[in-house]
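Open the model in your viewer and show it as a cartoon. The tour below goes stop by stop, saying what to select and what is there.

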Amino acid sequence: MSIKTSSDKLPWLFLFIFLIVLGAVSAVLLGNKFNEDMKLARTSAAQQLQLITSVLSSELERGNYQNISALFNQWAKANDNIVQLQLVSANGFQIASYTRPTAGNHLLDLDAPISYSYREEATFHLRVNMDPAYQRQARFAAQFTGMFLAFAILTALILHFAIRSKLESAKARRISRLYNALSEINQAIVRMETEDHLFPLVCRCAVKFGGMSMAWVGQIDEKSKLLLPVASYGSGLDYLDGLTVSSLADVPEGRGPSGIAFRENRPVIVNNYATSPFTAPWKSRVAANDWQSTATFPIARGGRPFAVLTVYHPEIDAFDQEAIALLDEMSRDISFSLDNFDREVQRKAAEKSLQMAASIYENSSEGMMITDADNLIMAVNPAFTRITGYALEEAIGKNPSLLKSGRHDHEFYQAMWSEIAETGKWTGEIWDRRKDGEVYPKWLTINTILNEAGAVHHRIALFTDISQKKQTEELIWQQANFDHLTGLPNWRMFHNRLEQEIKKSRRTGLPLAVMFLDLDHFKEVNDTLGHAKGDMLLNEAARRLVGCVRDSDTVARFGGDEFVLILGELGDPDNVERINECILQNLSAPFELGNESVYISVSIGVTIYPADATEIEELLRNADQAMYAAKNAGRNRYSYYTQAMQLVAQNRMSLSNDLHHALAEKQFWLAYQPIVELETGSIHKIEALIRWQHPKRGVVSPAEFIPIAEQTGMITKIGDWVFRQAAQQVKQWQHLYGKDIQISINKSPVQFRSDDNVHSTWFEYLKELDLPGSSIVVEITEGLLMEAKDGIVNKLLAFRDNGIQVALDDFGTGYSSLSYLKKFDIDYIKIDQSFVRNLAPDSSDLALCEAMVMMAHKLGIKVIAEGVETQEQCDLLIAAGCDYGQGYLFSKPLSSQDFESFLNRS
Ligand SMILES: Nc1nc2c(ncn2[C@@H]2O[C@@H]3COP(=O)(O)O[C@H]4[C@@H](O)[C@H](n5cnc6c(=O)[nH]c(N)nc65)O[C@@H]4COP(=O)(O)O[C@H]3[C@H]2O)c(=O)[nH]1
């Protein structure tokens, strides 16, 4: 689009007006002259009339009438203009007359009265031809108009040449400036190293050398589609502040010269900014500057619109075809230069990537081998030599089969080559042989390079030695699936195997067994003999377990002392029985751990697929429950999963829920059982035993709910309640029955392990009650001593420091160590009921009881026998030297009220 208002029409307009004015003035002057000429002709006719009249008057006076006609002829001859002469007397007599046969177009009639003789009168009539006067006038007018036109044409010509010469010199100056600008830009472009300077330079050259007032480059912002000024130069640059120019056609800011130039990829010229409709959105902004014309040129990059160059000129019509062509050339040079920069960047990138490729080839840890169309080695890189052991000269010209390991069969290579033939490439793992004979795995990629004819030119093989990776993967797989201590499958692998066995069982219809095993007393071994010995025991146990099953069975370790077995394809159910017996027997044999001999046992829970359950999770739960049942039944045994176990588990769950409210709802109470001094039968010691009065179930045994309270952590609060309750009670009974009454309180190992400081509040509570610590005995279990953690030791010592005595409960059932008894300053051991129950003269239990009493006494520890039910047991215990007895023989645990009645009776 070229929008051009021609300023060189203006002088012609002026000339036209000037000529009209000149014409009008000339017409007035010509009119005046004509009038004067006519007046002159008439005057001369009037003078002729007078002259003739005077002659006629004298002729008439003299009565010379004939002479008058001769005079008329003479006068007419002498004066061409006379058309008619007529002399008529007053009475109408024509005295003389003359009429010229050819008359004119313009006639003037003049009459003059003549008086002669006495009262004689005549009238003289003169008709004059005025044509000559008119003809003169017409000639003059023609000459005048001719001169006027000649003058006008001359003036126009002079004006035309004057303007043209002025315009041409201005244009020549402009063009020359633009040439300068173009040449400056071209020179600078050649020298320019980065494109950053290109646009600023273009703007500067357009203004400095191209005579523009201002120039700016707007570059497309792909996101907003705006043409954002990125470079500018010249006066009035504040015009660009906040300027909005869009490349989109559907907004007013996109329909100006820049938007059009960008979209339509062509120059847009506005030779009169003020009148152009295209510049409307920016007119008010431009008003502050002296810009009269503007032109915008598209700048492409890579063949696509990229930016626009807009220039402003202080004159109207600054951009003619030549200027436009020059500026257009300038914008094309800029585009060319941008493309050059891009080409240069690409060239450098290509060069860099070539260098990189060469460096990769040389330094890569990947082996590279190039073969020719005949599959003969052409080149190898240093990594090839490092991995294969073959030097360049040993490999060149050879077939790659040089590297074959012999591990893959013919089909393998055939499949590989047919894939290469089909797709041109192959990727995969392959085993090759090094020069030294070692076979190793590698990850190989083969690519084919074709020549122009489409035939094989080269093949490139890239490979990595993956021996290390394979070993690591193997290790990771091993670690992920196997127990690092025993090497047995872990939980993950077990799960997989069980899935497989279940599938197999579905196929074959043969059942399978899942067995959960827990080593009894393993914790004690670990705690007392240390983890190293514990590990030895686990390893040996694992070995013995594996020895009891078939190769096809799975022995897994879940961590700690938990083992799980899968016995698949159980054709004969007795197999499970046999394996159970084998395990019980093998694990009960002594474990030689260095110089220590250790005895353990195992509790086994068995569940059968699909009889008991079909889902993995359910099978595991069943086996676990069965294992607990075996443990609860006294350990060193196996137990099959039954529905009853399920009920037990549900019962535990429901008890656990109810236990949460029991304390707040005051459902607990304490029962008291006397501990009798066997020698004297006197009662100074009482054991407090908790009871739970369940609103629906009635009294729930502590043996049932204490383990749940321990598991859920509720034992801490419950234990605290027991302590305070028992302390209050003993205070009361001391008041009633004497100061030496002492109360035993059970304290769970969990209470010792918890971080809270409950026991120190117990000491304060005793102070509050004004109760000496010696009124309390805390009963602990053997296992607690084995843990021997600092916190536990400190808590036990704190009891001693506060005068509280410590009794070791259920003595003989755990892994007892005499050194611990001494170390922890134990005051009493309570021989477990299981020894007392079968006491008989010469029984092994009696021997054990005697040994325990003797040993305790040696250490200064008193002995209490639990579960004394018969007088015989009592007598045997007395004979064995036992100090105290507790059991139904003396009294069952009683409520505080009943206990008081009992005391009053005794
Ligand atoms: N067969 C038989 N049993 C006898 C005889 N004499 C006493 N017993 C029972 O033997 C258990 C002795 O308590 P334990 O060994 O400390 O064993 C206690 C103790 O370990 C735990 N326990 C009881 N009260 C508490 C408590 O307040 N806190 C904690 N942590 N544990 C408690 O619950 C266990 C069971 O308590 P109980 O059911 O009260 O059972 C009591 C008692 O009733 C007898 O001659 N024959």
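Select Asn375 first. In this predicted model, Asn375 has a relative accessible area of 15%, and the cut-off for buried is under 20%, so Asn375 counts as buried. Asn375 sits in the loop that joins strand E11 (367–372) to strand E12 (377–380). Its phi is positive, about 60 degrees, although Asn375 is not a glycine.

From Asn375, go to Val456. The two are 81 residues apart in sequence, yet their C-alpha atoms lie 9.7 Å apart in space. Val456 belongs to strand E15 (residues 456–465). Is Val456 buried or partly exposed? With a relative accessible area of 27%, Val456 is partly exposed. Leaving aside residues up to four places away in sequence, Val456 touches Ala373, Thr448, Ile449, Leu450 and Asn451.

Now zoom out to the whole protein. It contains 28 helices and 31 strands. Of its 906 residues, 44% are buried. Counting contacts with a separation of 6 or more, 61% are between residues 24 or more positions apart. The accessible surface is about 46600 Å², and carbon and sulfur atoms account for 54% of that.

Next, select helix H12 (residues 491–508). Its 18 residues should span 26 Å at 1.5 Å a residue, and the end C-alpha atoms are 25 Å apart, which agrees. Which residues of H12 are buried? They are Met493, Phe494, His495, Leu498, Glu501, Ile502 and Ser505. To see what covers them, show helix H11 (467–481), strand E16 (512–520), strand E17 (554–559), strand E18 (562–567), strand E21 (601–609) and helix H16 (616–632), which are among the elements involved.

Two of those elements lead to the next stop. Pro610 lies in the loop between E21 and H16. Look at the peptide bond from Tyr609 to Pro610: it is cis, with omega near 0 degrees.

On the other end of H16, select Arg635, which is in the loop between H16 and strand E22 (637–640). Arg635 is not a glycine, but its phi is positive, near 65 degrees. Arg635 is partly exposed, with a relative accessible area of 35%.

Then select a pair of helices. Two packed helices are described by the angle between their axes and the distance between the axes. For helix H13 (residues 522–529) and helix H14 (residues 531–548), the angle is about 140 degrees and the axes are 6 Å apart. H13 contributes Phe522, Val525, Asn526 and Leu529 to the contact, and H14 contributes His531, Lys533, Gly534, Leu537 and Leu538. By type, these contact residues are 5 nonpolar, 3 polar and 1 charged.

H14 has 18 residues and reaches 26 Å from first C-alpha to last, close to the 26 Å expected. Colour its buried residues: Gly534, Leu537, Leu538, Ala541, Ala542, Arg544, Leu545 and Cys548. Looking down the axis of H14, you will find these buried residues within an arc of 170 degrees, so they line one face of the helix. An α-helix has 3.6 residues a turn, so residues three or four places apart point the same way. Ala532, Arg543 and Gly547, on the other side of H14, are exposed.

For the last stop, select Ser775, in the loop between helix H21 (758–769) and strand E27 (776–781). Ser775 is buried, with a relative accessible area of 2%. What does Ser775 touch, not counting residues up to four places away in sequence? Show Val730, Gln734, Ile741, Gln742 and Ile743 to see its contacts.

Methods: Residues numbered from 1 in each chain as written. Predicted model: local features only at pLDDT ≥ 70, side-chain atom pairs only at ≥ 80, totals over all residues. Heavy atoms only, no water. Helix = DSSP H or I, 4+ residues; strand = E, 2+ residues; numbered from the N terminus. Buried < 20%, exposed > 50% of the residue type's maximum accessible area, 1.4 Å probe, protein only. Contact = heavy atoms within 4.5 Å. Areas by Shrake-Rupley, 256 points an atom, 1.4 Å probe, with all protein chains shown as cover. Axes fitted to C-alpha atoms, helices over the stretch in contact; angles between N-to-C directions. Nonpolar A, V, L, I, M, F, W, Y, C, P; charged D, E, K, R; others polar. Expected span 1.5 Å × (residues − 1). Arc of directions from axis to C-beta.
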